[in-house]
Amino acid sequence: MAMRKTAAVAVAALTLLAAWGGAGSATAVAPATARKAAEACGVLAPGASAAAEKAVGAACEQIGVWYTWGGGHGPQPGPTYGQVDPSDPDSAHDPERLGFDCSGLVRYVYARAVGGDPLSGNAYHQFHSPQVNQRFTAAQGTGPLLPGDLLAWGSGGSIHHIAIYLGAGKMVEARESGTRIMVSDVRLGGDYAGAVRIAPVTAPGTFSTWGTDVWTHKEPSTTSPRVHRFPGPTTVRVECQKHAEPVTAEGYTNDAWSYLPEYGAWITNIYLKGPAWLDGVRTCP
């Protein structure tokens with residue numbers, strides 16, 4: 001089953017093309033082309049976890065869906081209309097196209113695979129997620145990788161692109177405006193940064209946020225600049241906590257704030273599930 005490429009995937013891809021291919025469409029993808037691309041997508045090597053194989057299957061179902069800048073980052077995982085990227089003229093039609101950007105696609109396929117929303121955020125946040133249990137350097141190439149691993153590109157600590165590995169040197173990616181989700185050869189040159197393996201588990205120091213539209217801040221204060229918005233419950237890793245500005249929300253008052261290293265930001269403990277002062281988390285210096 002792991003290495004079988006079924007007609008169901010091709011049918012799903014064609015259905016999505018029919019539903020989402022109209023608005024802003026430059027050129028319709030021929031059914032034969034879409035079917036061939038979908039049939040080339042699947043788990044192409046043994047050894048992946050059941051969750052990783054489900055993520056690959058979910059990714060293959062999106063073949064032919066539009067890339068759209070900012071797509072897939074709505075309140076819940078799933079395709080959304082995109083935005084215009086001021087740096088990319090090819091994104092002019094993205095607000096008319098229902099689809100995903102690279103991290104929106106990764107978010108969706110792992111939500112489908114394991115439930116919840118374990119990989120919200122952009123490509124950087126996903127590459128540094130607490131759900132990562134193994135990392136691979138660029139120098140290791142694809143040798144140690146398994147289907148479902150996430151490949152990333154970026155330099156100087158930044159990550160600007162992420163894709164889902166299939167095995168056999170192939171990946172699924174939402175690449176850029178003006179294209180559709182596709183199967184590509186893995187690109188190991190340029191600023192390829194390495195890969196990560198996802199194993200969604202509750203590890204020490206891992207907690208869940210609650211509520212909707214919860215913002216993190218640069219400092220443990222609501223008046224400091226906002227950093228990242230959690231549209232819904234999200235699993236996060238807490239490095240440490242400290243007493244700082246008291247915050248009142250949802251009928252509670254608490255002066256405890258937690259530092260989230262993957263986001264480089266602070267969140268009031270009011271929006272973390274657990275006691276007001278988190279058990280087992282050290283005090284920040």
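Biologist: In which loop is the place of alanine 168?

Modeller: Alanine 168 sits in the loop between strand 6 (161-167) and strand 7 (170-173), where strands are DSSP runs of E with at least two residues and helices are runs of H or I with at least four, numbered from the N terminus. This is a predicted model, in which local features need pLDDT of at least 70, side-chain atom pairs count only at pLDDT 80 or more, and totals for chains, interfaces and linings use all residues. Residues are numbered from 1 along each chain as its sequence is written, and side-chain values use heavy atoms, with hydrogens and water left out.

Biologist: What is the phi of alanine 168?

Modeller: Most residues other than glycine have a negative phi. Alanine 168, however, has a positive phi near 55°, and the residue is exposed at a relative accessible area of 60% (exposed is over 50%, buried under 20%, partly exposed in between, with a 1.4 Å probe and protein chains only). Aspartate 213, in the loop between strand 10 (206-208) and strand 11 (214-217), also has a positive phi near 55° and is partly exposed at 46%.

Biologist: How do helix 3 and helix 4 cross?

Modeller: Two packed helices are described by the angle between their axes and the distance between the axes. The axes of helix 3 (residues 50-60) and helix 4 (residues 102-114), which are lines fitted to C-alpha atoms over the stretch in contact, with angles from 0 to 180 degrees between N-to-C directions, come within 8 Å and cross at roughly 130°.
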